[in-house]
Amino acid sequence: DIVIFVKNENILFAGDLVYLNRIPFAGDRGSSVKNWLNVLKDLEKLNPKIILGGHNEPMDKKAIEFTYNYLSYTRDTVKKLKDEGKGLDEIKAYINQSSPYKNYVMYDVFNDANVYKIFNDLDLEDFQ
C-alpha cells in the first residue's frame, strides 16, 4: 500500500494498512504480517491526528493500535501453537474459539485466510 502523510495537517492516508473495529485481510500473496507490524510502528511515530483508510470513516491513532493488536495477537498465537506441534486446522479452530477479535466486522470472512498466510509465512521466515 502507498502511504501519504500530510505533515502540516497531521493527516495520514493509509490505504488498507490501518483499520478500526474491522479485521484486515493479510492473505495477499505478497504480504507479510511481520513487516506489516513494523510498518504500523513506523506509522504510529508519525503521530497522525486523522487517518484515512480504504474501508473506514476517518480514524485516529486508535486504528493503528487496533490493527497492530489484531495482527500481533494472531501471529503470536499461530506461532505459539505451531511451535507446540499443532496443525493448521487445530490452530484455526483454537483461534476461532478464543480470539478476542471474533465479533469484529469481516472476522468470519478474513481470519482463516490470515491464519493460513501467517502459518505458511512462519516457515519461510526460518530461511530468511
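Tutor: A residue is called buried when its relative accessible area is under 20%, exposed when that area is over 50%, and partly exposed in between, with a 1.4 Å probe and protein chains only. This is a predicted model, in which local features need pLDDT of at least 70 and side-chain atom pairs count only at pLDDT 80 or more, while totals for chains, interfaces and linings use all residues. Residues are numbered from 1 along each chain as its sequence is written, and side-chain values use heavy atoms, with hydrogens and water left out.

Student: Which residues of helix H3 are buried, and why are they said to line one face?

Tutor: In H3, residues 88-98, the buried residues are Leu 88, Ile 91, Lys 92 and Ile 95. Viewed down the helix axis, these residues fall within an arc of 100 degrees, so they line one face of H3. The arc is that of the directions from the helix axis to the C-beta atoms. On the face turned away from the buried side, H3 carries the exposed residues Asp 89 and Gln 97.

Student: What do the buried residues of H3 pack against?

Tutor: They pack against helix H2 (62-83) and helix H4 (107-125). Contact here means heavy atoms within 4.5 Å.

Student: Why is Thr 74 called buried, and which residues does Thr 74 contact?

Tutor: Thr 74 lies in helix H2. Its relative accessible area is 1%, so Thr 74 is buried. Leaving aside neighbours within four places in sequence, Thr 74 is in contact with Ile 95, Asn 111, Val 115 and Ile 118.

Student: Where does Ile 118 lie, and how do you know whether it is buried or exposed?

Tutor: Ile 118 is in helix H4. With a relative accessible area of 3%, Ile 118 is therefore buried. Besides Thr 74, it touches Val 33, Arg 75 and Val 78, not counting residues up to four places away in sequence.

Student: Why is Asn 114 given its burial class?

Tutor: Asn 114, also placed in helix H4, has a relative accessible area of 1% and is therefore buried. Setting aside neighbours within four places in sequence, its contacts are Ile 23, Pro 24, Phe 25, Ala 26, Gly 27 and Tyr 70.

Student: What places Trp 36 among the buried or the exposed residues?

Tutor: Trp 36 is in helix H1 (residues 33-45). Its relative accessible area is 8%, so Trp 36 is buried.

Student: Why is Lys 80 not placed in the buried class?

Tutor: Lys 80 lies in helix H2. Its relative accessible area is 49%, so Lys 80 is partly exposed. The C-alpha atoms of Lys 80 and Ile 91 are separated by 9.6 Å, the two residues being eleven apart along the chain.

Student: What makes the backbone of Asn 10 and of Met 106 worth noting?

Tutor: Phi of Asn 10 is near 55 degrees, a positive value in a residue other than glycine. Met 106 has a positive phi of about 75 degrees, although it is not a glycine. Asn 10 is found in the loop between strand S1 (4-6) and strand S2 (11-15), whereas Met 106 is in the loop between H3 and H4. Asn 10 has a relative accessible area of 25% and is therefore partly exposed. The value for Met 106 is 25%, so Met 106 is partly exposed.

Student: How do you know whether the radius of gyration agrees with that of a compact globule?

Tutor: The radius of gyration is taken over C-alpha atoms, and the globule rule is 2.2 Å times the number of residues to the power 0.38. With 128 residues, a compact globule would have a radius of gyration near 14 Å; the chain has 15 Å, which agrees. Of the 128 residues, buried ones make up 38%. Among contacts with a separation of 6 or more, residues 24 or more positions apart account for 67%.

Note on methods
Helix = DSSP H or I, 4+ residues; strand = E, 2+ residues; numbered from the N terminus.
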